[in-house]
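Me: I would like to learn how to read this model, feature by feature. Can you take me through it?

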Amino acid sequence: MSISEEARRADALALLEQLFSSLGDAPIDCTRFEGSDAAFVGIQNTSWDELCSEGLLEKQSDSLYVLTPAGWSEALLRAGTLSAPGFQDRIGKLAGFLKDQIKGREKSEVVAFDEIVRSTGLPSGWVFNVIDSHLLSRMEGRRDAFWFESARGRLVEVPRDFGLIKVDLFADIRAENLRLQETVEEMEELYREYRCEICSAPLIGIHPWEHQYGYEEATEYACGRTIGGPHGDTPCPKDPKFPKFEAFVLTTQRQENGWMCYASSVSNVDLRYTWGKTEEEAKSAMHEVYLRRAKPWKG
Ligand SMILES: [Zn+2]
């Protein structure tokens, strides 16, 4: 009797789930599963082949198999582990440690795998599987760390832009579906700087810039607040430190066919310049620009 395609698929996925849960925190590369093991007695033989043909499992000998990096991360995503608090803690710890390695650095850093395990206190097999399967990049839009050259399991290269978020993910949060909302929540846990701490406007960009002593990152929020820019910080419009219009000195300049108005202040709030047919018009246009700029962000 032949089994339907659907039943075969369900059986293969059940096998994947079983392999993943019996693996626990062990590393995928040296944990072999025996096809004839009594634990797998209810599984169709074809399911092993099916997972192999999908690249989720690798056959090492007649009946010995190992999970591939893709198999491990696929099983993890299917198991819904991503949103489990314990998993979030682990990922947060690992990503935090890796991010610390490149803080203020101009180049990528190579870190010994053992050092990562020692410093984070995380199970070494689990860390191995996360790096091996590029899990951080699979979890939407993070620049990931990877094995340095051929030193699988020994050296990890953390790229300079590790952990940077693909900004377009945040462009239209309200219109996104539940899946993206979950991703955002995960990121919120990982990246505390993801929202403006004053008005909760989302992060819209991280801009690297260089100065004579090294490398910095400027963080920009949708409310207009920036932190760590080359000319210092720009306050959030809801911050009491945000300058009043009176704090700007307006300078007007007669042009051939109208007036130009510039606004300067000690703050970093840049209002550019405005234009008007008369001096008054140029100044009142500047006031409009200020009001728009000073308007709090609405979520
Ligand atoms: Zn803000």
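Me: What share of the contacts in the protein chain with a separation of 6 or more comes from residues 24 or more positions apart?
Reply: The share is 51%. Keep in mind that this is a predicted model.

Me: How many helices and strands are there in the protein chain?
Reply: The chain has 9 helices and 13 strands. Of its 299 residues, 23% are buried.

Me: How do I read a pair of packed helices?
Reply: Two numbers describe such a pair: the angle between the axes and the distance between them. Take α1 (residues 5–23) and α3 (residues 69–78). Their axes come within 9 Å and cross at roughly 100 degrees. An angle of 65 to 115 degrees counts as roughly perpendicular, so α1 is roughly perpendicular to α3.

Me: Which residues make the contact of α1 with α3?
Reply: From α1 come Leu 16, Glu 17, Leu 19 and Phe 20. From α3 come Gly 71, Trp 72, Glu 74, Ala 75, Leu 76 and Arg 78. By class, that contact has 6 nonpolar, 1 polar and 3 charged residues.

Me: At what angle do α1 and α2 pack?
Reply: The angle is about 80 degrees, and the axes are 9 Å apart. So α1 is roughly perpendicular to α2. On the α1 side, the contact uses Arg 8, Asp 11, Ala 12, Leu 15 and Leu 16. On the α2 side, it uses Thr 46, Ser 47, Trp 48, Glu 50 and Leu 51. The classes are 5 nonpolar, 2 polar and 3 charged.

Me: Which residues of α2 are buried?
Reply: In α2 (residues 45–53), look at Ser 47, Trp 48 and Leu 51. Now view the helix down its axis. The buried residues fall within an arc of 105 degrees, so they line one face of α2. They pack against α1, β2 (57–59), β3 (64–67) and α3.

Me: Which exposed residues sit on the face of α2 turned away from its buried side?
Reply: Asn 45 and Ser 53. After α2 comes Gly 55, with a positive phi near 80 degrees.

Me: Which residues other than glycine have a positive phi?
Reply: Two cases are worth a look. Glu 149 has a phi of about 40 degrees. Its place is the loop between β5 (146–147) and β6 (155–158). Arg 272 has a phi near 60 degrees. Arg 272 lies in the loop between β12 (258–264) and β13 (273–276).

Me: Are Glu 149 and Arg 272 buried or exposed?
Reply: Count the C-beta neighbours. Glu 149 has 10 inside 10 Å, so Glu 149 counts as exposed. Arg 272 also has 10 other C-beta atoms within 10 Å, so Arg 272 is exposed.

Me: How do I read a sheet?
Reply: Strands of a sheet pair through backbone hydrogen bonds, either parallel or antiparallel. Start with the strand order. Here an open sheet of 4 strands runs β7-β8-β9-β10, with antiparallel pairing. Its edge strands are β7 (203–211) and β10 (232–234), each pairing on one side only. From one strand to the next, the twist averages 15 degrees.

Me: How many bridges join β8 and β9?
Reply: β8 (residues 214–221) and β9 (residues 226–229) pair over 2 bridges, in the antiparallel sense. To find one of them in the model, go to Glu 220: its bridge partner in β9 is Thr 226.

Conventions. Residues numbered from 1 in each chain as written. Predicted model: local features only at pLDDT ≥ 70, side-chain atom pairs only at ≥ 80, totals over all residues. Pairing = 2+ DSSP bridges. Axes fitted to C-alpha atoms, helices over the stretch in contact; angles between N-to-C directions. Parallel < 35°, antiparallel > 145°, perpendicular 65-115°, else oblique. Contact = placed C-beta atoms within 7 Å. Nonpolar A, V, L, I, M, F, W, Y, C, P; charged D, E, K, R; others polar. Buried ≥ 20, exposed ≤ 12 C-beta atoms within 10 Å, placed from the backbone. Arc of directions from axis to C-beta.
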